[in-house]
Amino acid sequence: MIAIIDYDAGNLKSVEKALLSLNQEVLVTRDKDAILQADKVILPGVGSFGDAMNNLDKFDLIDPIKKCVDNKTPFLGICLGLQLLFESSDESVGVEGLNILPGKILRIPPKEDFKIPHMGWNSLNVKEDAKLFKGLTKNPYVYFVHSYYLQAANEDIVAATTEYTTTIHASVEAGNVFACQFHPEKSSSVGLKILENFANL
Amino acid sequence: MFTKRIIPCLDCKDGRVVKGTNFVDLVDAGDPVLVASMYDKSGADELVFLDITASSDGRNTTVDLVRKVAEKVFIPFTVGGGIRTVEDFKVLLREGADKISINSAAIMNPNLISEAAYKFGSQCVVVAIDAKRCDDGHWSIYKNGGRVDMGMDAVEWAMKAEKLGAGEILLTSMDCDGTKAGYDCELTKAISSNVSIPVIASGGAGKMEDFKDAFTKGGADAALAASLFHFKELEIKNLKEYLAKENIPMRL
């Protein structure tokens, strides 16, 4: 069973529906025990970094998330769910992230002819043997919507990057912890393959 | 490579796709899920569902349509037509729509743009603009499906919409719509060069070159068409291959 953590974030339903279409057993929940007992856990997210951390705190979800990671439960952060795994964000200065992985979330730098948010389809440069991207080409297209981006402190955990006004760390893999800045649940067959790969870990 | 987008637009009434679809190979060309899946497979980057249901009690069928599409189709989609309140936004987003397009309601109540942007984020607030050229060479905006001239400058309105928090402009040229003579690239350029949010060009596409012009001459970020795709006068796959050859970045 895959638990999708419910902390009033926006894209819960889409992630749930995508997994259901892959015939996965899914539970959308904020119940600590259910999250701790799940085979896999997904942290989705749309919204602001500060609000999301507030909600995780309000629903007492920070501890269970950290426990899942420590217990080696396969864990997937999506979009804001990726950003929350890191230390801090330019979006909400002074708010501490989950601090599970080292790195910071920065504002996407402006550049002529590029619009912010980075919204639309962009191709990835996937690192060899990246587990989430098994069976896909080296440069698959995925759908992004974001104004802030990850700069991981340790490039070894970066599983895929994309080029916009700067190089964006688009996906990470660190042991049992996976995350995508883009939306696999909105990335057509490529995205479904990524979710399927996670479900089959 | 960050790509330009190709977007088919589907008119819907009472939860069914209507008007101008001619999919002989679909079992039910009015079934939004079948039509949307077909477009996903053919390479559409996004979809727009335009609700033309006349009565407000018909709205529930749109919510139902959104729910069904979201269960089976995993590309971004926008819903527009008759959306008036933040509560309307909430219901449709909750069922899986990614973006909501507003037109007349935004003109009558510009605060709706900022309220929705504050509540749900700019990325899901699309302001649709129906524009028509006036005698002085400017473009005026129309509401109620192009029936009422608001006497307001389209460029200024687009800039105001951006300021209020719109995340995207869906720009339809009333002069070109239905003509198949090409997008209004002048209008598109006038808007796209004055806002820093993405602009979707709409109205007038008739051939592959028109799409290229919308991107190169009009500075559009996406191009929308309806009957051209529905009647298979153009296959999206062929169109995208052509555009890629013409150096327009495309997801193939």
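1. The hairpin of chain B. In this predicted model, E7(B) and E8(B) form a hairpin with 4 residues between them, and Asn144(B), which lies in the turn, has a positive phi of about 55°. The two elements are strand E7 (residues 139–143) and strand E8 (residues 148–153) of chain B, which run antiparallel and are joined by 3 bridges; Lys143(B) has Val148(B) as its bridge partner in E8(B). Strands here are DSSP runs of E with at least two residues, helices are runs of H or I with at least four residues, and both are numbered from the N terminus. Two strands are said to pair if DSSP finds at least two bridges between them.

2. Conventions. Residues are numbered from 1 along each chain as its sequence is written, and chains are lettered from A and ligands numbered from 1 in the order in which they are written. Because the model is predicted, local features need pLDDT of at least 70 and side-chain atom pairs count only at pLDDT 80 or more, while totals for chains, interfaces and linings use all residues; side-chain values use heavy atoms, with hydrogens and water left out.

3. The sheet of chain A. Chain A holds an open sheet of 9 strands with mixed pairing, in the order E2-E1-E3-E4-E12-E11-E10-E7-E8. Its edge strands, each of which pairs on one side only, are strand E2 (26–29) and strand E8 (141–146) of chain A. Neighbouring strands of this sheet are turned by 30° against each other on average, direction ignored, where the axes are lines fitted to C-alpha atoms (for helices over the stretch in contact) and angles run from 0 to 180 degrees between N-to-C directions. As an instance of parallel pairing, strand E1 (residues 2–5) and strand E3 (residues 40–43) of chain A share 3 bridges, and Ile4(A) has Ile42(A) as its bridge partner in E3(A).

4. Strand E7 of chain A. Of the 9 residues of strand E7 (residues 118–126) of chain A, 8 are buried, so this strand is largely enclosed by the rest of the structure; buried means under 20% relative accessible area, exposed means over 50%, and partly exposed lies in between (1.4 Å probe, protein chains only). E7(A) pairs with E8(A) in the antiparallel sense over 6 bridges, with His146(A) in E8(A) as the bridge partner of His118(A). E7(A) also pairs in the antiparallel sense with strand E10 (residues 158–163) of chain A, over 3 bridges, and there the bridge partner of Leu124(A) is Thr162(A) in E10(A).

5. Backbone geometry to inspect. A cis peptide bond, with omega of about 10°, joins Ile116(A) and Pro117(A), and Pro117(A) is placed in the loop between strand E6 (103–107) and E7 of chain A. Asn23(A) has a positive phi of about 60° although it is not a glycine; Asn23(A) lies in the loop between helix H1 (12–21) and E2 of chain A and counts as exposed, at 71% relative accessibility. In chain B, phi of Asp14(B) is near 50°, a positive value in a residue other than glycine; Asp14(B) is found in the loop between strand E1 (5–13) and strand E2 (16–17) of chain B, and is partly exposed, with a relative accessible area of 44%.

6. Chain A as a whole. Chain A has 6 helices and 12 strands. The radius of gyration of chain A is 15 Å, close to the 17 Å that the globule rule gives for 201 residues, so chain A is as compact as a globular protein of that length; the radius is taken over C-alpha atoms, and the rule is 2.2 Å times the number of residues to the power 0.38. Of the 201 residues of chain A, 58% count as buried.

7. The interface. The contact takes 32 residues from chain B and 22 residues from chain A, with contact meaning heavy atoms within 4.5 Å. The two chains bury about 2200 Å² between them, 55% of it on carbon and sulfur atoms, where buried area is the accessible area (1.4 Å probe) that two parts lose on being put together, summed over both. On the side of chain B, Phe2(B), Phe74(B) and Arg251(B) lose the most area to chain A, together 34% of what that side buries.
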